[in-house]
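Welcome! Take a moment to look over the structure below, and then we can walk through it together.

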Amino acid sequence: MDALSGREPFIMIADGKSALFAPSGMKDGPLPTHYEPLESPIHNPLYSTQSNPVAKRWEQADNHLAPPGDSRFPYAFTTYRLTEHHSAGTPTRSVPVTAELQPEGFAEIPTELAQELGIRNLDWVVISTLRGEIETKALVTDRLRPFHLDGGRTVYQIGMPWHFGWKGYATGDIANVLTAVVGDPNTSMHENKALTCNLRRGRLPRVDMPRGER
Amino acid sequence: MNVPPRALDYPDSFLDTVIPDESELTCGTKIEPGKSYGFFTDTTLCIGCKACEVACKEWNNLPADNLGLTGRSYDNTGDLGANTLRHVSFIEKIGHGEDRATEMAPFQSNWLMMSDVCKHCANAPCLEACPTGSIFRTEFDTVVVQQDICNGCGYCVPACPFGVVELSLDDGKAHKCTLCYDRLKGGLEPACAKACPTDSIQFGELNELFDRAGKRVEELHELGATDAYLYGAPDTPGATGGLRHLNAFFLLTDRPEVYNLPVAPTRASSRAAPSFLTGLAAMAGLTLAAAALMSNGRGRR
(Lines give C-alpha, C1' and ligand atoms only; values in the text may rest on other atoms or scores of the structure.)
Protein backbone atom coordinates (compact mmCIF):
# COMPACT_ATOMS: atom_id res chain seq x y z
CA MET A 1 0.00 0.00 0.00
CA ASP A 2 2.96 2.30 0.52
CA ALA A 3 3.46 2.44 -3.26
CA LEU A 4 0.15 4.23 -3.87
CA SER A 5 -0.32 7.83 -2.85
CA GLY A 6 -3.56 9.18 -1.46
CA ARG A 7 -4.41 10.59 -4.87
CA GLU A 8 -4.49 7.12 -6.45
CA PRO A 9 -7.71 5.59 -5.18
CA PHE A 10 -7.96 2.51 -7.46
CA ILE A 11 -6.06 0.34 -5.03
CA MET A 12 -6.77 -2.95 -6.80
CA ILE A 13 -4.87 -1.75 -9.87
CA ALA A 14 -1.06 -1.69 -9.87
CA ASP A 15 -0.72 2.03 -10.61
CA GLY A 16 -3.76 3.01 -8.57
CA LYS A 17 -5.31 4.85 -11.51
CA SER A 18 -8.48 4.31 -13.49
CA ALA A 19 -8.49 4.14 -17.29
CA LEU A 20 -11.13 4.91 -19.90
CA PHE A 21 -9.49 2.47 -22.31
CA ALA A 22 -8.51 -0.71 -20.46
CA PRO A 23 -7.26 -3.29 -23.00
CA SER A 24 -6.26 -5.89 -20.43
CA GLY A 25 -6.96 -7.01 -16.92
CA MET A 26 -10.74 -6.56 -17.09
CA LYS A 27 -13.35 -9.19 -17.91
CA ASP A 28 -15.40 -6.52 -19.66
CA GLY A 29 -14.26 -3.47 -21.64
CA PRO A 30 -12.01 -2.21 -23.14
CA LEU A 31 -14.27 0.87 -23.34
CA PRO A 32 -16.96 1.79 -20.82
CA THR A 33 -20.61 1.74 -21.84
CA HIS A 34 -23.96 2.00 -20.13
CA TYR A 35 -25.71 -1.18 -19.09
CA GLU A 36 -28.87 -1.19 -17.06
CA PRO A 37 -28.61 -3.11 -13.78
CA LEU A 38 -29.57 -6.80 -14.07
CA GLU A 39 -32.95 -5.84 -12.63
CA SER A 40 -34.26 -2.54 -13.97
CA PRO A 41 -37.64 -0.83 -14.35
CA ILE A 42 -36.72 0.25 -17.92
CA HIS A 43 -35.05 -1.02 -21.09
CA ASN A 44 -31.54 0.23 -21.79
CA PRO A 45 -32.08 3.62 -23.48
CA LEU A 46 -28.53 3.78 -24.91
CA TYR A 47 -27.80 0.42 -26.36
CA SER A 48 -29.56 -2.80 -27.43
CA THR A 49 -27.80 -5.00 -24.89
CA GLN A 50 -29.85 -4.61 -21.71
CA SER A 51 -27.30 -5.54 -19.08
CA ASN A 52 -23.72 -6.65 -18.68
CA PRO A 53 -23.39 -9.99 -20.52
CA VAL A 54 -20.43 -11.13 -18.42
CA ALA A 55 -21.98 -10.33 -15.03
CA LYS A 56 -21.92 -13.38 -12.74
CA ARG A 57 -25.32 -14.97 -12.31
CA TRP A 58 -26.37 -17.86 -10.14
CA GLU A 59 -29.60 -19.30 -11.55
CA GLN A 60 -31.46 -21.07 -8.76
CA ALA A 61 -34.95 -21.31 -7.34
CA ASP A 62 -34.49 -18.62 -4.65
CA ASN A 63 -32.50 -16.22 -6.81
CA HIS A 64 -34.68 -15.22 -9.78
CA LEU A 65 -34.36 -11.84 -11.45
CA ALA A 66 -37.37 -9.83 -12.62
CA PRO A 67 -37.27 -9.04 -16.36
CA PRO A 68 -36.80 -5.39 -17.43
CA GLY A 69 -39.94 -3.30 -16.93
CA ASP A 70 -41.76 -6.06 -15.01
CA SER A 71 -45.06 -4.49 -13.93
CA ARG A 72 -45.16 -6.67 -10.78
CA PHE A 73 -42.07 -4.84 -9.50
CA PRO A 74 -42.39 -1.25 -10.73
CA TYR A 75 -40.12 0.54 -8.24
CA ALA A 76 -36.36 0.86 -8.11
CA PHE A 77 -34.88 -0.44 -4.86
CA THR A 78 -31.53 0.42 -3.32
CA THR A 79 -29.79 -0.41 -0.05
CA TYR A 80 -27.22 1.57 1.88
CA ARG A 81 -25.65 2.08 5.28
CA LEU A 82 -26.15 4.66 8.01
CA THR A 83 -23.31 6.40 9.83
CA GLU A 84 -24.81 5.32 13.15
CA HIS A 85 -24.31 1.60 12.52
CA HIS A 86 -21.28 -0.44 11.62
CA SER A 87 -21.21 -3.45 9.31
CA ALA A 88 -24.50 -5.37 9.53
CA GLY A 89 -25.16 -3.58 12.81
CA THR A 90 -23.80 -6.45 14.90
CA PRO A 91 -21.40 -4.25 16.91
CA THR A 92 -23.67 -1.20 17.17
CA ARG A 93 -27.23 -2.54 17.48
CA SER A 94 -26.30 -4.19 20.78
CA VAL A 95 -24.78 -1.01 22.28
CA PRO A 96 -27.50 1.24 23.77
CA VAL A 97 -26.01 4.63 22.83
CA THR A 98 -25.58 3.72 19.16
CA ALA A 99 -28.75 1.61 18.96
CA GLU A 100 -30.95 4.53 20.08
CA LEU A 101 -29.69 6.73 17.24
CA GLN A 102 -31.19 4.47 14.57
CA PRO A 103 -33.39 2.21 16.68
CA GLU A 104 -35.51 0.43 14.07
CA GLY A 105 -35.34 -0.72 10.50
CA PHE A 106 -37.04 1.54 7.96
CA ALA A 107 -37.44 2.16 4.26
CA GLU A 108 -37.33 5.63 2.77
CA ILE A 109 -40.24 6.30 0.44
CA PRO A 110 -40.75 9.36 -1.82
CA THR A 111 -43.66 11.59 -0.74
CA GLU A 112 -45.42 11.24 -4.11
CA LEU A 113 -45.36 7.43 -4.00
CA ALA A 114 -46.51 7.40 -0.37
CA GLN A 115 -49.51 9.56 -1.31
CA GLU A 116 -50.32 7.31 -4.27
CA LEU A 117 -50.31 4.17 -2.09
CA GLY A 118 -51.87 5.75 1.01
CA ILE A 119 -48.76 5.29 3.13
CA ARG A 120 -48.19 7.68 6.04
CA ASN A 121 -44.94 8.31 7.87
CA LEU A 122 -44.11 5.40 10.26
CA ASP A 123 -46.76 3.09 8.76
CA TRP A 124 -45.78 -0.55 8.36
CA VAL A 125 -45.06 -1.43 4.74
CA VAL A 126 -44.29 -4.66 2.91
CA ILE A 127 -41.54 -4.63 0.29
CA SER A 128 -41.28 -7.60 -2.06
CA THR A 129 -39.00 -8.80 -4.83
CA LEU A 130 -38.85 -12.13 -6.68
CA ARG A 131 -36.53 -13.37 -3.90
CA GLY A 132 -38.69 -12.63 -0.89
CA GLU A 133 -40.68 -10.10 1.09
CA ILE A 134 -40.11 -8.17 4.31
CA GLU A 135 -41.99 -5.72 6.48
CA THR A 136 -40.54 -2.49 7.76
CA LYS A 137 -41.50 1.04 8.83
CA ALA A 138 -42.01 3.81 6.25
CA LEU A 139 -39.95 7.00 6.45
CA VAL A 140 -41.63 9.32 3.95
CA THR A 141 -39.22 11.92 2.59
CA ASP A 142 -38.86 14.53 -0.16
CA ARG A 143 -35.18 13.64 -0.41
CA LEU A 144 -36.00 10.77 -2.79
CA ARG A 145 -36.79 12.58 -6.00
CA PRO A 146 -38.93 10.73 -8.59
CA PHE A 147 -37.07 9.81 -11.79
CA HIS A 148 -38.59 10.86 -15.10
CA LEU A 149 -37.41 8.13 -17.48
CA ASP A 150 -38.17 6.49 -20.79
CA GLY A 151 -40.23 9.23 -22.41
CA GLY A 152 -41.81 10.88 -19.39
CA ARG A 153 -42.51 7.77 -17.31
CA THR A 154 -42.17 8.37 -13.58
CA VAL A 155 -40.17 5.77 -11.67
CA TYR A 156 -39.94 5.92 -7.89
CA GLN A 157 -36.99 4.74 -5.89
CA ILE A 158 -37.22 3.14 -2.45
CA GLY A 159 -34.16 3.15 -0.22
CA MET A 160 -33.50 0.85 2.67
CA PRO A 161 -30.64 0.80 5.19
CA TRP A 162 -29.10 -2.56 5.37
CA HIS A 163 -28.02 -2.90 9.01
CA PHE A 164 -30.88 -4.61 10.72
CA GLY A 165 -31.73 -8.02 12.14
CA TRP A 166 -33.58 -9.38 15.13
CA LYS A 167 -30.87 -9.36 17.82
CA GLY A 168 -29.81 -6.40 19.95
CA TYR A 169 -31.72 -3.23 20.87
CA ALA A 170 -32.17 -1.84 17.35
CA THR A 171 -34.05 -4.37 15.29
CA GLY A 172 -35.78 -4.74 11.95
CA ASP A 173 -36.25 -6.99 8.96
CA ILE A 174 -33.26 -7.81 6.83
CA ALA A 175 -32.82 -6.05 3.48
CA ASN A 176 -30.74 -8.91 2.09
CA VAL A 177 -33.92 -11.02 1.87
CA LEU A 178 -34.77 -8.78 -1.09
CA THR A 179 -31.41 -8.50 -2.82
CA ALA A 180 -30.20 -10.83 -5.57
CA VAL A 181 -27.02 -12.85 -5.69
CA VAL A 182 -25.45 -11.51 -8.86
CA GLY A 183 -21.82 -10.55 -9.18
CA ASP A 184 -19.79 -7.84 -10.81
CA PRO A 185 -17.70 -9.62 -13.49
CA ASN A 186 -14.38 -8.42 -12.12
CA THR A 187 -14.79 -8.27 -8.37
CA SER A 188 -17.84 -10.55 -7.85
CA MET A 189 -19.23 -7.77 -5.67
CA HIS A 190 -22.93 -8.40 -5.23
CA GLU A 191 -25.57 -6.09 -6.62
CA ASN A 192 -27.23 -4.41 -3.62
CA LYS A 193 -27.69 -0.96 -5.08
CA ALA A 194 -30.04 -1.30 -8.06
CA LEU A 195 -32.94 -3.75 -7.98
CA THR A 196 -36.69 -3.65 -8.57
CA CYS A 197 -39.41 -4.20 -5.98
CA ASN A 198 -43.05 -3.79 -5.13
CA LEU A 199 -44.43 -1.91 -2.14
CA ARG A 200 -47.69 -1.98 -0.24
CA ARG A 201 -49.01 -0.70 3.08
CA GLY A 202 -49.46 -3.39 5.72
CA ARG A 203 -47.67 -6.17 7.53
CA LEU A 204 -46.71 -9.77 6.90
CA PRO A 205 -48.50 -12.69 8.53
CA ARG A 206 -45.88 -14.52 10.56
CA VAL A 207 -45.70 -17.57 12.78
CA ASP A 208 -42.89 -16.21 14.92
CA MET A 209 -43.73 -12.68 15.98
CA PRO A 210 -40.49 -10.85 16.57
CA ARG A 211 -41.90 -7.88 18.42
CA GLY A 212 -44.89 -9.58 20.00
CA GLU A 213 -47.10 -6.82 18.69
CA ARG A 214 -49.62 -8.83 16.71
CA MET B 1 -0.42 19.93 7.33
CA ASN B 2 -0.16 21.67 10.69
CA VAL B 3 1.32 19.36 13.28
CA PRO B 4 0.87 20.73 16.81
CA PRO B 5 4.38 21.20 18.27
CA ARG B 6 4.03 18.69 21.12
CA ALA B 7 2.32 16.00 19.00
CA LEU B 8 5.63 14.42 18.02
CA ASP B 9 6.43 13.83 21.72
CA TYR B 10 3.78 11.09 21.86
CA PRO B 11 4.34 8.74 18.91
CA ASP B 12 2.92 5.60 20.58
CA SER B 13 -0.57 4.31 19.83
CA PHE B 14 -1.11 3.19 23.41
CA LEU B 15 -0.34 5.44 26.34
CA ASP B 16 -0.41 4.42 29.98
CA THR B 17 -0.60 7.99 31.29
CA VAL B 18 -2.75 10.99 30.47
CA ILE B 19 -0.96 13.53 28.25
CA PRO B 20 -0.58 16.77 30.26
CA ASP B 21 -2.63 19.58 28.67
CA GLU B 22 -3.86 17.18 26.00
CA SER B 23 -6.24 19.87 24.70
CA GLU B 24 -3.21 21.69 23.27
CA LEU B 25 -2.68 18.75 20.91
CA THR B 26 -6.31 18.06 20.05
CA CYS B 27 -7.62 21.61 19.61
CA GLY B 28 -4.70 23.99 20.09
CA THR B 29 -6.08 25.46 23.31
CA LYS B 30 -4.48 25.29 26.73
CA ILE B 31 -7.14 25.14 29.42
CA GLU B 32 -6.42 27.50 32.32
CA PRO B 33 -8.74 28.53 35.16
CA GLY B 34 -9.87 32.16 34.98
CA LYS B 35 -10.29 32.23 31.19
CA SER B 36 -13.58 31.88 29.29
CA TYR B 37 -14.17 28.76 27.24
CA GLY B 38 -16.98 27.70 24.97
CA PHE B 39 -18.12 25.95 21.82
CA PHE B 40 -18.39 27.33 18.31
CA THR B 41 -20.74 25.02 16.39
CA ASP B 42 -20.43 25.63 12.64
CA THR B 43 -23.55 24.00 11.18
CA THR B 44 -22.20 24.27 7.60
CA LEU B 45 -19.63 21.60 8.52
CA CYS B 46 -22.00 19.20 10.32
CA ILE B 47 -22.49 15.90 8.46
CA GLY B 48 -25.03 14.47 10.94
CA CYS B 49 -22.87 11.54 12.07
CA LYS B 50 -23.99 11.97 15.71
CA ALA B 51 -20.48 11.12 16.97
CA CYS B 52 -20.90 14.02 19.45
CA GLU B 53 -24.01 12.40 20.92
CA VAL B 54 -22.23 9.08 21.35
CA ALA B 55 -19.04 10.63 22.76
CA CYS B 56 -21.11 12.66 25.24
CA LYS B 57 -23.12 9.67 26.45
CA GLU B 58 -19.98 7.52 26.71
CA TRP B 59 -17.99 10.07 28.73
CA ASN B 60 -20.86 11.10 30.99
CA ASN B 61 -22.10 7.52 31.32
CA LEU B 62 -25.65 8.47 30.30
CA PRO B 63 -28.29 5.85 29.50
CA ALA B 64 -30.09 5.50 26.19
CA ASP B 65 -33.69 6.68 26.27
CA ASN B 66 -36.66 6.89 23.88
CA LEU B 67 -35.70 3.79 21.90
CA GLY B 68 -37.90 4.15 18.83
CA LEU B 69 -38.20 5.61 15.36
CA THR B 70 -39.49 9.23 15.45
CA GLY B 71 -40.14 9.49 11.69
CA ARG B 72 -38.58 12.97 11.71
CA SER B 73 -35.80 12.56 9.15
CA TYR B 74 -32.74 10.84 10.65
CA ASP B 75 -33.29 12.41 14.08
CA ASN B 76 -34.29 9.69 16.54
CA THR B 77 -33.01 11.61 19.57
CA GLY B 78 -35.77 14.25 19.55
CA ASP B 79 -34.45 16.90 21.88
CA LEU B 80 -31.99 17.79 24.61
CA GLY B 81 -32.78 16.37 28.02
CA ALA B 82 -31.43 14.99 31.25
CA ASN B 83 -29.87 12.01 29.45
CA THR B 84 -29.11 13.74 26.14
CA LEU B 85 -26.70 16.66 26.42
CA ARG B 86 -25.92 16.88 22.68
CA HIS B 87 -28.65 16.54 20.06
CA VAL B 88 -28.15 16.63 16.30
CA SER B 89 -31.23 17.96 14.55
CA PHE B 90 -31.93 17.18 10.89
CA ILE B 91 -33.97 19.68 8.89
CA GLU B 92 -35.04 18.69 5.38
CA LYS B 93 -35.64 21.82 3.31
CA ILE B 94 -35.46 20.11 -0.05
CA GLY B 95 -38.88 21.43 -1.12
CA HIS B 96 -41.87 19.43 -2.23
CA GLY B 97 -43.02 18.16 -5.63
CA GLU B 98 -41.92 20.37 -8.50
CA ASP B 99 -40.58 22.93 -5.99
CA ARG B 100 -37.72 20.63 -5.06
CA ALA B 101 -34.40 22.39 -5.33
CA THR B 102 -32.52 21.20 -8.40
CA GLU B 103 -29.37 23.10 -7.58
CA MET B 104 -27.68 23.44 -4.24
CA ALA B 105 -26.29 26.71 -2.93
CA PRO B 106 -22.58 26.50 -2.09
CA PHE B 107 -21.89 24.63 1.15
CA GLN B 108 -25.52 23.60 1.57
CA SER B 109 -27.10 20.22 1.02
CA ASN B 110 -30.63 21.49 1.75
CA TRP B 111 -30.52 18.94 4.53
CA LEU B 112 -29.55 21.09 7.50
CA MET B 113 -27.85 19.46 10.43
CA MET B 114 -27.05 21.13 13.72
CA SER B 115 -25.55 19.74 16.90
CA ASP B 116 -27.47 21.49 19.67
CA VAL B 117 -26.15 21.85 23.21
CA CYS B 118 -26.51 23.95 26.39
CA LYS B 119 -25.55 27.51 25.45
CA HIS B 120 -23.67 28.32 28.71
CA CYS B 121 -25.12 31.87 28.58
CA ALA B 122 -23.01 34.77 29.86
CA ASN B 123 -26.01 35.81 32.00
CA ALA B 124 -27.42 32.36 32.57
CA PRO B 125 -31.15 32.45 33.45
CA CYS B 126 -30.99 28.95 34.98
CA LEU B 127 -28.27 30.12 37.34
CA GLU B 128 -30.31 33.21 38.26
CA ALA B 129 -33.35 31.03 39.01
CA CYS B 130 -31.51 28.46 41.13
CA PRO B 131 -32.44 28.98 44.83
CA THR B 132 -29.92 26.49 46.25
CA GLY B 133 -26.75 27.70 44.57
CA SER B 134 -26.47 24.32 42.90
CA ILE B 135 -26.02 25.96 39.50
CA PHE B 136 -22.80 27.93 39.50
CA ARG B 137 -20.32 29.56 37.14
CA THR B 138 -17.08 27.62 37.00
CA GLU B 139 -13.51 28.91 36.81
CA PHE B 140 -13.76 28.24 33.02
CA ASP B 141 -16.78 30.61 32.70
CA THR B 142 -19.15 27.71 32.06
CA VAL B 143 -22.44 26.95 33.84
CA VAL B 144 -22.71 23.67 35.75
CA VAL B 145 -25.33 21.98 37.97
CA GLN B 146 -23.83 20.45 41.12
CA GLN B 147 -25.79 17.24 41.49
CA ASP B 148 -25.10 16.85 45.23
CA ILE B 149 -26.63 20.27 45.99
CA CYS B 150 -29.57 20.31 43.52
CA ASN B 151 -32.83 19.64 45.38
CA GLY B 152 -34.89 19.09 42.22
CA CYS B 153 -37.10 22.19 42.60
CA GLY B 154 -37.05 22.62 38.82
CA TYR B 155 -37.03 26.46 38.75
CA CYS B 156 -34.20 26.34 36.21
CA VAL B 157 -36.31 24.34 33.73
CA PRO B 158 -38.76 27.10 32.67
CA ALA B 159 -36.08 29.78 33.24
CA CYS B 160 -33.96 28.44 30.38
CA PRO B 161 -35.02 30.24 27.17
CA PHE B 162 -33.65 27.37 25.07
CA GLY B 163 -35.41 24.46 26.81
CA VAL B 164 -32.11 22.81 27.69
CA VAL B 165 -32.37 21.86 31.37
CA GLU B 166 -34.49 18.86 32.33
CA LEU B 167 -35.24 17.07 35.59
CA SER B 168 -34.13 13.47 35.43
CA LEU B 169 -36.77 10.85 36.12
CA ASP B 170 -34.02 8.72 37.69
CA ASP B 171 -32.80 11.03 40.47
CA GLY B 172 -35.25 13.96 40.27
CA LYS B 173 -32.45 16.46 39.81
CA ALA B 174 -31.69 18.96 37.07
CA HIS B 175 -29.23 17.86 34.41
CA LYS B 176 -27.60 19.63 31.51
CA CYS B 177 -24.31 19.85 29.62
CA THR B 178 -21.38 20.62 31.94
CA LEU B 179 -19.10 21.57 29.03
CA CYS B 180 -17.17 18.54 30.34
CA TYR B 181 -16.17 20.34 33.57
CA ASP B 182 -14.31 17.23 34.73
CA ARG B 183 -12.37 17.00 31.45
CA LEU B 184 -11.49 20.72 31.50
CA LYS B 185 -10.04 20.28 34.98
CA GLY B 186 -7.85 17.50 33.61
CA GLY B 187 -6.69 19.51 30.59
CA LEU B 188 -8.85 17.56 28.13
CA GLU B 189 -10.95 18.95 25.29
CA PRO B 190 -14.71 18.28 25.83
CA ALA B 191 -15.73 14.85 24.51
CA CYS B 192 -18.11 16.05 21.76
CA ALA B 193 -15.63 18.52 20.27
CA LYS B 194 -12.83 15.97 20.35
CA ALA B 195 -15.01 13.36 18.63
CA CYS B 196 -16.33 15.69 15.91
CA PRO B 197 -14.69 14.47 12.67
CA THR B 198 -15.34 17.65 10.66
CA ASP B 199 -14.62 20.24 13.38
CA SER B 200 -18.22 21.40 13.19
CA ILE B 201 -17.94 21.58 16.98
CA GLN B 202 -14.93 23.64 17.97
CA PHE B 203 -13.82 24.10 21.56
CA GLY B 204 -11.58 26.96 22.55
CA GLU B 205 -11.03 30.20 24.38
CA LEU B 206 -14.10 32.32 23.82
CA ASN B 207 -12.56 35.47 22.28
CA GLU B 208 -10.48 33.33 19.95
CA LEU B 209 -13.64 31.43 18.92
CA PHE B 210 -15.55 34.69 18.27
CA ASP B 211 -12.66 35.84 16.01
CA ARG B 212 -12.50 32.50 14.22
CA ALA B 213 -16.28 32.43 13.75
CA GLY B 214 -16.35 35.99 12.38
CA LYS B 215 -13.69 35.06 9.82
CA ARG B 216 -15.59 31.89 8.90
CA VAL B 217 -18.75 33.92 8.20
CA GLU B 218 -16.74 36.29 5.94
CA GLU B 219 -15.16 33.31 4.18
CA LEU B 220 -18.57 31.70 3.58
CA HIS B 221 -19.98 34.98 2.26
CA GLU B 222 -17.06 35.18 -0.20
CA LEU B 223 -17.71 31.60 -1.29
CA GLY B 224 -21.34 32.45 -2.06
CA ALA B 225 -23.09 31.22 1.09
CA THR B 226 -24.38 34.71 1.83
CA ASP B 227 -27.00 33.55 4.34
CA ALA B 228 -24.39 32.45 6.90
CA TYR B 229 -24.55 34.36 10.21
CA LEU B 230 -23.67 33.88 13.86
CA TYR B 231 -26.21 33.14 16.58
CA GLY B 232 -25.15 33.91 20.14
CA ALA B 233 -21.93 35.84 19.51
CA PRO B 234 -22.01 39.41 20.96
CA ASP B 235 -24.52 41.67 19.13
CA THR B 236 -26.02 38.85 17.05
CA PRO B 237 -29.43 37.12 17.21
CA GLY B 238 -29.46 34.82 20.23
CA ALA B 239 -27.48 37.30 22.34
CA THR B 240 -30.64 39.27 23.12
CA GLY B 241 -32.74 40.00 26.20
CA GLY B 242 -29.78 40.70 28.48
CA LEU B 243 -28.07 37.35 27.80
CA ARG B 244 -25.02 39.33 26.54
CA HIS B 245 -23.57 36.37 24.63
CA LEU B 246 -23.69 32.60 24.58
CA ASN B 247 -20.51 30.68 25.41
CA ALA B 248 -21.80 27.95 23.09
CA PHE B 249 -22.74 29.84 19.92
CA PHE B 250 -23.62 28.77 16.40
CA LEU B 251 -23.11 29.54 12.74
CA LEU B 252 -26.48 29.15 10.99
CA THR B 253 -27.67 29.50 7.40
CA ASP B 254 -31.41 29.83 7.98
CA ARG B 255 -33.67 31.61 10.45
CA PRO B 256 -33.12 30.53 14.09
CA GLU B 257 -36.61 29.01 14.41
CA VAL B 258 -35.82 26.60 11.54
CA TYR B 259 -33.24 25.08 13.93
CA ASN B 260 -35.70 25.18 16.84
CA LEU B 261 -33.81 28.10 18.42
CA PRO B 262 -35.66 31.15 19.80
CA VAL B 263 -35.46 34.27 17.60
CA ALA B 264 -34.90 36.57 20.57
CA PRO B 265 -34.27 34.67 23.83
CA THR B 266 -34.72 36.63 27.06
CA ARG B 267 -33.90 36.23 30.74
CA ALA B 268 -36.80 35.25 32.95
CA SER B 269 -35.37 37.54 35.67
CA SER B 270 -35.97 40.64 33.53
CA ARG B 271 -39.69 39.84 33.73
CA ALA B 272 -39.67 39.46 37.53
CA ALA B 273 -39.80 43.16 38.47
CA PRO B 274 -42.60 44.11 35.99
CA SER B 275 -44.72 41.12 37.02
CA PHE B 276 -44.16 41.88 40.72
CA LEU B 277 -45.20 45.50 40.14
CA THR B 278 -48.21 44.33 38.12
CA GLY B 279 -49.18 42.14 41.07
CA LEU B 280 -48.78 45.03 43.49
CA ALA B 281 -50.85 47.32 41.23
CA ALA B 282 -53.59 44.69 40.96
CA MET B 283 -53.67 44.29 44.74
CA ALA B 284 -53.84 48.05 45.23
CA GLY B 285 -56.62 48.34 42.65
CA LEU B 286 -58.67 45.55 44.26
CA THR B 287 -58.20 47.06 47.72
CA LEU B 288 -59.44 50.44 46.49
CA ALA B 289 -62.40 48.83 44.73
CA ALA B 290 -63.31 46.85 47.84
CA ALA B 291 -63.04 49.96 50.02
CA ALA B 292 -65.26 51.89 47.59
CA LEU B 293 -67.88 49.09 47.52
CA MET B 294 -67.95 48.84 51.32
CA SER B 295 -68.29 52.56 51.85
CA ASN B 296 -71.15 52.62 49.28
CA GLY B 297 -72.93 49.82 51.18
CA ARG B 298 -72.59 51.71 54.45
CA GLY B 299 -74.08 54.83 52.86
CA ARG B 300 -77.20 52.90 51.69
CA ARG B 301 -77.79 51.42 55.09
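## Contacts along the chain

In chain B, 63% of the contacts with a separation of 6 or more are between residues 24 or more positions apart. Keep in mind as you explore that this is a predicted model. Chain B has a mean pLDDT of 92, and 98% of its residues reach 70 or more. For the complex, the predictor gives an ipTM of 0.86 and a pTM of 0.88.

## Chain B at a glance

What is chain B built from? It contains 8 helices and 10 strands. Taken along the principal axes, the box filled by the C-alpha atoms of chain B is roughly 100 × 55 × 40 Å. The chain has 301 residues, and 39% of them count as buried.

## The nonpolar cores

In soluble globular proteins, nonpolar side chains tend to be buried together. Here, the largest nonpolar core has 69 residues. Those with the most contacts inside this core are B:Cys52, B:Ala55, B:Cys126, B:Cys156, B:Cys192, B:Ala213 and B:Phe249.

Let's pick out B:Cys156. Leaving aside residues up to four places away in sequence, B:Cys156 touches B:Cys126, B:Ala129, B:Cys130, B:Ile135, B:Val165 and B:Ala174. Another core, of 30 residues, lies apart from the largest one, and its members include A:Leu65, A:Val125, A:Ile134 and A:Ala180.

## Where the chains meet

How many residues does each chain bring to the contact? Chain B gives 21 residues and chain A gives 22 residues. On the side of chain B that touches chain A, helix 2 (residues 51-60) gives the most, with 4 residues. By class, this side of chain B has 8 nonpolar, 7 polar and 6 charged residues.

## A closer look at helix 2 of chain B

Why is helix 2 of chain B largely enclosed by the rest of the structure? It is enclosed because 7 of its 10 residues are buried. Those buried residues are B:Ala51, B:Cys52, B:Glu53, B:Val54, B:Ala55, B:Cys56 and B:Lys57.

What do the buried residues of helix 2 pack against? Within chain B, their partners are strand 2 (87-92), strand 3 (111-116), helix 6 (191-195) and strand 8 (201-205). From chain A, helix 1 (96-99) takes part as well. Just after helix 2 of chain B comes B:Asn61, which takes a positive phi of about 55 degrees.

How values were computed:
Residues numbered from 1 in each chain as written. Chains lettered and ligands numbered in written order. Predicted model: local features only at pLDDT ≥ 70, side-chain atom pairs only at ≥ 80, totals over all residues. pLDDT = per-residue confidence, 0-100. Helix = DSSP H or I, 4+ residues; strand = E, 2+ residues; numbered from the N terminus. Buried ≥ 20, exposed ≤ 12 C-beta atoms within 10 Å, placed from the backbone. Contact = placed C-beta atoms within 7 Å. Nonpolar A, V, L, I, M, F, W, Y, C, P; charged D, E, K, R; others polar. Core = buried A, V, L, I, M, F, W, Y, C linked by C-beta atoms within 7 Å.
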